[in-house]
Amino acid sequence: MSEDVDLGLRFPKNHDFSGKTVGQHYKLNRRIGLGGTASIYAATVTTTMAAVAVKVLHPEHNQDPDLVRRFLQEGQLAAQIRHPCLVPAYDLGWIGGRYTVFELVEGRSLAAQIAEGALPWERTVPLMLDLLAALGALHDRGVTHRDISPNNCMIEVDGDTERCRLLDLGYARVFEDKGGLVLTPPEASESMIIWGSEGFVAPERLRGHAGDYKADIFSMGALWAAMLNGQRLLDARDTDPVSVAERIPLPAPIGAVLVGALDVRARRYDNAATMAEALRAAVAEVVAAEVAAAEVAAAEVAVAEVTAA
């Protein structure tokens, strides 16, 4: 194996360019994330003093055409597909290193939240609807994410309100050309690497199937199950995800949506929009049942009071 090929398979070098400036006016204040191909910094735009996030490609990858192309495409996708629950890109360049400038999201990773234990289903539903809306914006443009995991989700808090945002389009790809996107041309041949995070990859992808919309839905279901369980699913090749989902104590309509995300491809939701629609309908059904039960209880109390009088 050549040196260039082997680089992409090693653990990332511990690059830290904090204190340096890229693109002439993006001052890297501190490193806030380290991945296999790039680091992310909290940074300041020296001309406006605005706070931003800057993703810098590890320099040993600067001569790898596939990684550079993927890095550029991530910025282009984030700039052209806008949604409040995605993270927009503002700029990209190569002066002082290849970099992409994003909105700086202040919050807590979903991975850190899950590490503290399972979340009640009532709290997870709004977070899931946020993430499905973000994924839906990608699917509407023909793009699959391919790396949905707790590490790529951030919870923002504004008073008593939470919002969950879907991060990192580094492994995203245009699955279906719906027009309107202007991107660096894709690689000539399809990589055999399975992009994704362990425990969140659809089982069919582990067997060589393309990372399509339904594969993203499985990842979203695995993410939801991790929120509800406080831990990720086991390897989908060795464990039946549906049986795991069915053991989670949930109202029947909510549980049915979770199963519909983790089920075999033929019975899985087609895309983010159909799953979101099903989840909203399930919530409405649960609320209606609770209202009906409360009305029955109130009527029984009234009857008892009249009888006692």
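1. Cys-85 is buried, its relative accessible area being 5%, where buried stands for under 20% relative accessible area, exposed for over 50% and partly exposed for what lies in between, with a 1.4 Å probe and protein chains only. The model is a predicted one, in which local features need pLDDT of at least 70 and side-chain atom pairs count only at pLDDT 80 or more, while totals for chains, interfaces and linings use all residues. Residues are numbered from 1 along each chain as its sequence is written, and side-chain values use heavy atoms, with hydrogens and water left out.

2. The structure holds zero disulfides, a disulfide being a pair of cysteine sulfur atoms within 2.5 Å. For Cys-85 the closest cysteine sulfur is that of Cys-164, at 7.8 Å, which is too far for a bond. Cys-164, which is buried at 0% relative accessibility, has its closest cysteine sulfur in Cys-153, at 5.0 Å, and this too is too far for a bond.

3. The protein has nine helices and 11 strands, taken as DSSP runs numbered from the N terminus (helices H or I, at least four residues; strands E, at least two). Of its 309 residues, 45% count as buried. Among contacts (heavy atoms within 4.5 Å) between residues at least 6 apart in sequence, 62% join residues at least 24 apart.

4. The largest nonpolar core has 68 residues, of which Leu-166, Met-220, Trp-224, Leu-258 and Met-275 touch the most other members; helix α6 (residues 213-229) supplies the largest share of this core, 11 residues. A second, separate core of 11 residues includes Tyr-26, Leu-28, Ala-43 and Val-52. Such a core is a set of buried Ala, Val, Leu, Ile, Met, Phe, Trp, Tyr and Cys residues joined through side-chain atoms within 4.5 Å. Leaving aside residues up to four places away in sequence, Met-220 touches Met-128, Leu-131, Leu-132, Leu-135, Ile-148 and Met-275.

5. Ser-39 lies in strand β3 (residues 38-45) and is buried, with a relative accessible area of 1%. When residues up to four places away in sequence are not counted, Ser-39 touches His-15, Arg-31, Gly-33, Leu-34, Val-54, Lys-55, Val-56 and His-58.

6. Gly-35 sits in the loop between β2 (26-34) and β3, and at 25% relative accessibility Gly-35 counts as partly exposed. Gly-35 and Asn-14, 21 residues apart in sequence, are 9.6 Å apart in space, C-alpha to C-alpha.
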